[in-house]
Amino acid sequence: MLHFKCHHTLPLNLIRTKPPPSPCGARLSSAVAVNGRPLALLFRAPGSLFMANVRRSRPLTVSAAKSSQSTTTIDPPSDDTKIKGTVVLMKKNLLELNDLIASFSDRVHELFGKSVSVQLISAVNTDPGNGNQGKVGKPAYLKNWITKFTPLTAEECAFEVNFDWDEKIGVPGAFIIRNEHSSEFYLKSLTLGNVPGEGKVHFDCNSWVYPADKYKKDRIFFTNKTYLSSETPVGLKKFREEELVTLRGDGVEKGELQTWDRVYDYATYNDLGSPDKGEKYARPILGGSTKFPYPRRGRTGRPATKKDPNSESPLPLIESLFIYVPRDERFGHLKMSDLIAYALKSISQILKPDELATLLGHQKEFNSLEHVLKLYEGGLELPNGLLKFVRSTTPAETVKELFRTDGERLLKFPVPQVIKEDKSAWRTDEEFAREMLAGLNPVSIRRLQEFPPASKLDRSVYGDQTSKITKEHIADKLDGLSIDEAINKNKLFILDHHDSLMPYLERINSTDLVKGYASRTLLFLTNDGTLKPIAIELSLPHPGGVGCTSEVYTPSSQGVESHIWQLAKAYVAINDSGYHQLVSHWLRTHAVIEPVIIATNRQLSVLHPIHKLLHPHFRDTMNVNAVARQILINSGGVLENTVFPAKYSMEWSSVMYKDSWVFPEQALPKDLIKRGMAVEDSSASHGVRLLIEDYPYAADGLEIWSAIKTWVEEYCSFYFKTDEMVQKDSELQSWWKELREEGHGDKKDEPWWPKMQTVEELIESCTIIIWTASAYHAAINFGQYPYGGYPANRPSISRRFMPKEGTPEYEQLKNNPEKAFLETVTPQLQTLLGMASIEILSRHSADELYLGQRDSQEWTTDTKILQASENFRNKLKALEERVTKMNKDDKLKNRTGPAKMPYTLLYPTSEPGLTGKGIPNSVSI
């Protein structure tokens, strides 16, 4: 059989078979319905032309909505046989709103003879009169469009298409489709019956097809066979080359890209600021300079701002979800529906800041931690005027989500896991330290190898930044060991947010809201495998301009000193929250992966094995990033209002990219070795030995890393038998060159880039890309609400410095420590905004695809690769059992900790929703 697969916006595993409705069931053995809810808004998402894939296998197979298969034997037809086909599609309105105008217009066009045509392309027989491209068959037309009513729900309809058989076509390797209607439709599949020598042929499409006059080139779908660029069948070679030209946007004007464009191109982050609103909202351009280097993002071509011709104008908030990305990169309608429902729970999306202030009664603070807990128990009441406003601006389907159960309350949040079992465990030193190994940001802690901790900042610029922690501060906290003995026995660790922050701290503290410190936290590894914090150093730039002033705090459980220690831990958590959000999360996943997606689509054909390998790991990322640039990381956006670097947030992440991002070090084993958390050990199962055995992120991560690398090694070695094949693959070399020189162009001259001359370099590079987009992102992202949904555990802003003895703030700390704590950390308004945002970001959508899963089981014809893929999934399944078992092991105290919160962030699969587990294939939220 031949199977054509098109890169899609809706995964096949979300389709369920049901009996066909009467108006749409003609000539279709089974119709399908989409398991989704109606959309609340109309989204005219940017469109794209895409390629699909055909596979040939035996026995003859017919693909239904799910992966069920049937085998039939077809007798060869006579020469005058008509090849009967069935096209299954959904009209535009089925996935959006009921577009009666488009439907009426389509029927008018049908009366004048316009329709949808399909032409088969030969893979083996060429046409000398057409540049020796594959022989193209005569058009066949969809019939009975006008007789099929457009239903109001997301039902699929079937249409006839009959081909005159042409033996000169031989084996089809692709097909062309032309849409002569006035609006786009979503093409699900094409099934041919009784193809000579083949029997049934099924084309699995799943993508939008725009009217033909929107395209400069016809829509073409390529085979599901896999070909290196030099092995392409002669009939498909030129089509393959032309399709890449189309995707690169060659010949497309450099203006604003339109809904139907399929252009993957690069741009700098010149769209974060809004200079036309005033200097307050201007932001530097990230990327394209030595001062602010950055990965590239997808080009949209929007017009420049009036005040700065180098900055791209932002979209109005209401249009943010319409921002251009190639149509095949956009959210599927199920995910969009889920996202809208949960996004509308975010106050920032419903109410203006002054309206939110009215809602909160102009309070700046929570009164107490009990007041915070009310957010999970009863929510806050809406005044009548605001209740009316919300109802008038929110789709009816979403109101139920917003008002939860009692109809009159907003801002009732689910209980975060960190306080679900024990509401006070977060206060303990053990939980504070455990979260550095098994929390939201378990990738920053490192082993201390010198004392006192040194700085790498330029002494000529910043003066002496050496730590002020002394022997006297920690000598009695090392279980009888000397400092040297503790270092030599790998017992001392540090969470160091000093060097990264000190150069920016004076500017950050000059903003109205923030008063923060650079910090160093020393920890000791106890005999039971847990860490305990033994000293915290908080530092500020020296008033004289060179060096720093520091205060060192040590653990205490008595009197005001215990409250000071609790505040010191809060300052550390604030620094770690900002670093996590801007560097560990946004920079090292979202930002660095986007240029990989762009380069892959521009330089690697869908026929190329590396495109097929990486494509599942790109799903939704460009759409997520594009929306984030409009509402999350932009000037005045959510992040600037909820993390301590404020207006310097993205600028700071650029400096971190410049100073610390090294591609090969994104490999988990190399990262662990660099941080001193592991050492090379050939006898260890993964080639490295953890120095903290009970390090949940690393222990589970190494299992995932190993499974990914084994899969990638088997895959790449199947197609690339020798290093010479890597060196001579023109598409592969163009891809890697462009990724370095364009996508990460500000770092193109770094000596650490792999040269892409060996199979091993290809395997390691692809493993890093897949690890980063899947498991690393899951570990960093999906714990945001479980850990940070309780703001006292992960505050993100500090508004005043540590109280000094003799001040009113110090007296408040003595007499009302909870109130002093809450008046120091994130205020109520920003807390609610942050909580609403991270709740959305921590959820899995209903159509999520997890690591090892594919949207179609027929994505390749190579049985060895299919078996390797199955082995990969089985390893991941076994890991789920391992994680469950380890979380029940009382000896592994860091797996659950005082909060009784099992570590599941690297548990491969999940149900939809807020689960604290699951590894999606891609940076999909």
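Where does K900 lie? K900 is found in the segment after α29, with a positive phi of about 55° although it is not a glycine. The model is predicted: local features need pLDDT of at least 70, side-chain atom pairs count only at pLDDT 80 or more, and totals for chains, interfaces and linings use all residues. Residues are numbered from 1 along each chain as its sequence is written, and side-chain values use heavy atoms, with hydrogens and water left out.

**Chain overview**

- The protein chain has 29 helices and 24 strands; both are DSSP runs numbered from the N terminus, helices being H or I of at least four residues and strands E of at least two.
- Of its 925 residues, 62% count as buried, where buried means under 20% relative accessible area, exposed over 50% and partly exposed in between (1.4 Å probe, protein chains only).
- Among contacts between residues at least 6 apart in sequence, 77% join residues at least 24 apart; a contact means heavy atoms within 4.5 Å.

**Helix pair α21 and α29**

- Two packed helices are described by the angle between their axes and the distance between the axes.
- The axes of α21 (residues 696-719) and α29 (residues 863-887) come within 10 Å and cross at roughly 175°.
- That makes α21 roughly antiparallel to α29; angles over 145 degrees count as roughly antiparallel, under 35 as roughly parallel, 65 to 115 as roughly perpendicular and the rest as oblique.
- The axes are lines fitted to C-alpha atoms, for helices over the stretch in contact, and the angles run from 0 to 180 degrees between N-to-C directions.
- On the α21 side the contact includes A699, E703, W711 and F718, and on the α29 side residues including K864, F872, L879 and M886.
- By class, the residues of this contact comprise 15 nonpolar, 2 polar and 6 charged. Ala, Val, Leu, Ile, Met, Phe, Trp, Tyr, Cys and Pro count as nonpolar, Asp, Glu, Lys and Arg as charged, and the others, Gly among them, as polar.

**Second largest pocket**

- About 1400 Å³ of space lies in the second largest pocket. K456, D499, S500, Y579 and S660 are the closest to its centre among the 46 residues that line it.
- A pocket is an open set of points on a 1 Å grid over the protein atoms alone, with protein on both sides within 12 Å along at least five of seven lines; a cavity is a set of points where a 1.4 Å probe fits but cannot get out, and lining residues have an atom within 4 Å of a point.
- Grid points are joined across faces, edges and corners, and a volume is the space filled by probe spheres set on the points.
- Elements that each supply at least two residues of the pocket lining include β19 (492-497), α15, α19 (649-660) and α24 (759-781). The most comes from α14, with 5 residues.
- The pocket lining has 18 nonpolar, 13 polar and 15 charged residues.

**Cavities**

- The whole structure holds 15 cavities of 30 Å³ or more.
- The second largest cavity has a volume of about 210 Å³ and is lined by 19 residues, with F432, E435, K569, A573 and N793 nearest its centre.
- α10 (429-438) and α15 (559-603) each supply at least two residues of this lining, and α15 gives the most, with 6 residues.
- The cavity lining divides into 10 nonpolar, 3 polar and 6 charged residues.

**Buried sites**

- Helix α17 (residues 621-631) has 11 of its 11 residues buried, so it is largely enclosed by the rest of the structure. Among them are M622, N625, R629 and I631.
- Q581 sits in helix α15 and is buried, with a relative accessible area of 11%.
- Leaving aside neighbours within four places in sequence, Q581 is in contact with W586, L639, V643, Q784 and I838.

**Backbone and loops**

- Most residues other than glycine have a negative phi, and most peptide bonds are trans.
- The peptide bond from F451 to P452 is cis, with omega near 0°; P452 is in the loop between β18 and α11.
- N490, in the loop between α13 (483-488) and β19, has a positive phi near 60°. N490 is partly exposed, at 22% relative accessible area.
- K280 belongs to the loop between β14 (266-267) and β15 (297-298) and counts as exposed, at 63% relative accessibility.
- The C-alpha atoms of K280 and K647 are separated by 9.0 Å, although the two residues are 367 apart along the chain.
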